[in-house]
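Me: Can you take a look at this one with me? I have a few quick things to go through.
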Amino acid sequence: MAVAFDEMNIPGGDLRPAYQELARWLKETPPEALEYRRQEAELLFRRIGITFAVYGDSESTERLIPFDVIPRIMSAKEWAVLEKGLKQRVRALNMFLRDIYHGRDILRADIVPADLIFQNPVFRPEMNGQEVPHDVYVHIAGIDIVRVDAEDFIVLEDNARTPSGVSYMLENREIMMRLFPDLFARHRVAPVERYPDELLSALRSVAPQGASGEPTVALLTPGVYNSAYYEHSFLADKLGIELVEGRDLVVKNNEVFMRTTEGLKRVDVIYRRVDDDFLDPLTFRPDSVLGVPGLMSAYAAGNITLANAVGTGIADDKAIYSYMPDIVKFYLGEEPILKNVPTWRCREPKDLAYVLDNLSELVVKEVHGSGGYGMLIGPAATKATIEAFRDKLKREPEGFIAQPTLALSTCPTCTASGLAPRHVDLRPFVLTGSKSTTIVPGGLTRVALKEGSLVVNSSQGGGTKDTWILDE
Amino acid sequence: MLSRTAENLYWLARYVERAEYLARTIDATLRVTALPAAYIGKTNEWDSALLTAGVAASFYQAYEEANEHNVVEYLSFAQNNPSSIRNCIEAARLNSRSVRTALTSEMWDTINSAWIELQAVWSKGTSTREDLAKFLRFVQETSLRFDGSAYRTMLRNDAYWFSRMGVHLERADNTARILDVKYHVLLPEEEHVGGPLDFYQWSSILRSVSALTAYHWVYRETLKPWLIADLLILNDTLPRSLASCYGNLVRNLDQIGVAYGRQGPAQRHARGIRNRLEHSNMNDIFQHGVHEFIQEFIADNSRLGEIITKQYLI
């Protein structure tokens, strides 16, 4: 495995320009002061109630995501490249979805194998021929980015269903500004606070035709027991929209209404944080109590916009991921600005043979997995784990992809023994409305707090950092 | 607003109010039972604490005897008592989480901090009297803070009015329950004026609705049972009196009616109860029977709860 790219230090002892002021500040700040602020931050998070639930963890139902007070910094120039690449990628994702559910040019051109679409459980036949306003399918995308060197940003994963984490981006900044006003005074950090406004405009811009001039937007949550519930309530609050559960909504004559103290009120756009499977018990899982019976028929009638659209999972599926560079080229006729991680598709015999031979060096992921569950990190795994995985792979090769172990870049991070480099990734949030695609500068930086660990997922001991894009 | 939001705000306020009332009941009972038997007679004060909390039946399914240890445990911490103080705070926190967007940060902070303290400090209950006193103070302060936060930070709109309705409906129920259990010591014919036994019973009633000082301010008199009844039932200057609760309920319901441009059975029913309280005097009530009067009130009050639920919350 290559040496990880250090985002602060240049080998040889110099500092990268974006980190110079931070380094000076760190030198002036005694470690006790940093530790004190760290504790203060934790207290603030707990008081605000920013918690998440870990499924299958009976010990504590609500946990804090560890927050690291050392910001992760990027220059405006680096961000400009990233921003351009993200917009390009999301544009392609939307065009791909429109095509898959309509003309299917890309399948006829043999760019993506048809069985990968039609035999995929996240493909939604209900969406065939269904029009969505302004052809926007993915209104909110969270694209996971890693760096391996000074030049390249690599997309690790596209999240086109119900990406979460943006509340941490916003709260991390609030807390940092409260704890370290002096550090902000010494930098020109691009603000992130307009995200809720941009999200609301994007959502309103895709209201269905029959909606009133001031379309009513609501956020649909699975409820308080969902791991991201805090985020749902946080966003509803910031957007000034109702936070609804399935039982608050009712469909009448193919229109969606919420039950209010003044009777039924029509809803035009639903920012839904409920998975496709649970949206409508009449169409999808009949046992779902989180959904709204009849929602899909209102959707088909064009009376409600769902953001993101139903069936977007087919675009961020790990099996599709490896085709993304070709997808970008096919629809836009441009070279992809953001790279993909080289990916072996275990469904292809040649690739499978290579993967089986090199398991101890590769990361193997379930095609339909998420949250870092069910993956094999070859270099860190025991022989027994590797052998167990080998059996799984042989039994069901089409369920897996493999990638080289990436040397994720590192950032200085507070640890028990002082500041030390830890691996990070970045999830920027890309918003697409009827007219424009916008990205608030930065995103959520996740950090693997364990020394040497590459797993940044909060469910597996990852933490977060504030992400700074410095203005020129 | 969403019906579910209104429902959560309403119940949140009720849970907090109930927790405080339970804390006051325990506090008042501790004081009375600390007196020598000669001053309080043979009644089991812990048993009547259970009765005023409305949980006597479920208590006796779990315990043989109502004594300090058992009752304090049951009213404060028992998981199997749905309206123990612990469960009230748990339920209040769950309700708060469901309506985070409708709460001000001060209200959320009050409930969330209380919930955190409940787990961090009080997860094992209390082992000493001193601990218990601290716990009861913590509960009462939480309620005061919550009430104060709501009063000082909420917009005066339907969210506020639903929340206040929860407070007043619960408060009216609590005051009425004390009267229901203790009415016999207030009856004029059983009066032994100046007897130590009654004095401590009476002051205990007043203490449990935090009205002992108020009594003296209002009547400038030694404790007289009919005046105590008058204060708790008819005197609308006392925030915990039935009259005051209903003055507020009618006002809140009217505000909602104006905001929504329409009135309904809840407004009519509340006004009916208030009018009856306004046109009563203690003589009539004693003639009619205090006990009957209170029981009717409790039924009417809970009926209002049902009507509000049907009209707005589902």
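Me: Which residues does A:Tyr229 touch, leaving out those up to four places away in sequence?
Reply: A:Tyr229 touches A:Thr221, A:Gly223 and A:Val224. Keep in mind that this is a predicted model.

Me: Buried or exposed, that A:Tyr229?
Reply: A:Tyr229 has 23 C-beta neighbours inside 10 Å. The cut-off for buried is 20 or more, so A:Tyr229 counts as buried.

Me: Which helix is A:Tyr229 in?
Reply: A:Tyr229 is found in helix H9 of chain A.

Me: And how far apart are A:Tyr229 and A:Arg273, in sequence and in space?
Reply: They are 44 residues apart in sequence, and their C-alpha atoms are 9.2 Å apart in space.

Me: H9 again, then. Which elements of chain A supply at least two residues each to the side that touches chain B?
Reply: First the totals: the contact takes 17 residues from chain A and 18 residues from chain B. On the chain A side, helix H2 (31-48), helix H9 (229-239), strand E5 (242-244) and strand E7 (255-260) each supply at least two residues.

Me: How do the residues on that side of chain A divide by class?
Reply: There are 5 nonpolar, 4 polar and 8 charged residues on the side of chain A that touches chain B.

Me: You mentioned E7. What is the strand order in its sheet?
Reply: The order is E6-E7-E8 in chain A, an open sheet of 3 strands with antiparallel pairing. Strand E6 (249-252) and strand E8 (263-266) are the edge strands, and each pairs on one side only. On average, neighbouring strands in this sheet are turned by 40 degrees against each other, ignoring direction.

Me: How many bridges between E7(A) and E8(A)?
Reply: E7(A) and E8(A) pair over 4 bridges, in the antiparallel sense. In E8(A), A:Gly263 is the residue that A:Thr260 stands opposite.

Me: Other sheet now. What is the order in the open sheet of 4 strands?
Reply: In chain A that order is E12-E15-E13-E14, with antiparallel pairing. Strand E12 (344-345) and strand E14 (376-377) stand at the edges with a single partner strand each, so one side of each has no neighbour in the sheet.

Me: What joins E13 to E14(A)?
Reply: Strand E13 (residues 362-366) of chain A is joined to E14(A) by 2 bridges, and the two run antiparallel. A:Ile377 in E14(A) is the bridge partner of A:Val363.

Me: What about E2 and E3 of chain A, how many bridges there?
Reply: Strand E2 (residues 140-147) and strand E3 (residues 153-159) of chain A are joined by 6 bridges and run antiparallel. E2(A) and E3(A) form a hairpin, with 5 residues between them. A:Asp144 stands opposite A:Glu157 in E3(A).

Me: And which way do E3(A) and strand E11 run, parallel or antiparallel?
Reply: E3(A) and strand E11 (residues 339-340) of chain A run parallel and are joined by 2 bridges. A:Ile154 has A:Lys339 in E11(A) as its bridge partner.

Me: Over to chain B. At what angle do H14 and H16 pack?
Reply: Helix H14 (residues 265-278) and helix H16 (residues 290-313) of chain B pack at about 165 degrees, with their axes 9 Å apart. That makes H14(B) roughly antiparallel to H16(B). Their crossing is left-handed.

Me: Which residues of H14(B) make that contact?
Reply: B:Pro265, B:Ala266, B:His269, B:Ala270 and B:Ile273. From H16(B), the contact includes B:Leu304, B:Ile307 and B:Ile308. By class, the contact of H14(B) with H16(B) has 7 nonpolar, 2 polar and 2 charged residues.

Definitions and conventions: Residues numbered from 1 in each chain as written. Chains lettered and ligands numbered in written order. Predicted model: local features only at pLDDT ≥ 70, side-chain atom pairs only at ≥ 80, totals over all residues. Contact = placed C-beta atoms within 7 Å. Nonpolar A, V, L, I, M, F, W, Y, C, P; charged D, E, K, R; others polar. Pairing = 2+ DSSP bridges. Axes fitted to C-alpha atoms, helices over the stretch in contact; angles between N-to-C directions. Parallel < 35°, antiparallel > 145°, perpendicular 65-115°, else oblique. Left-handed = near helix turned anticlockwise from the far one by under 90°. Buried ≥ 20, exposed ≤ 12 C-beta atoms within 10 Å, placed from the backbone.
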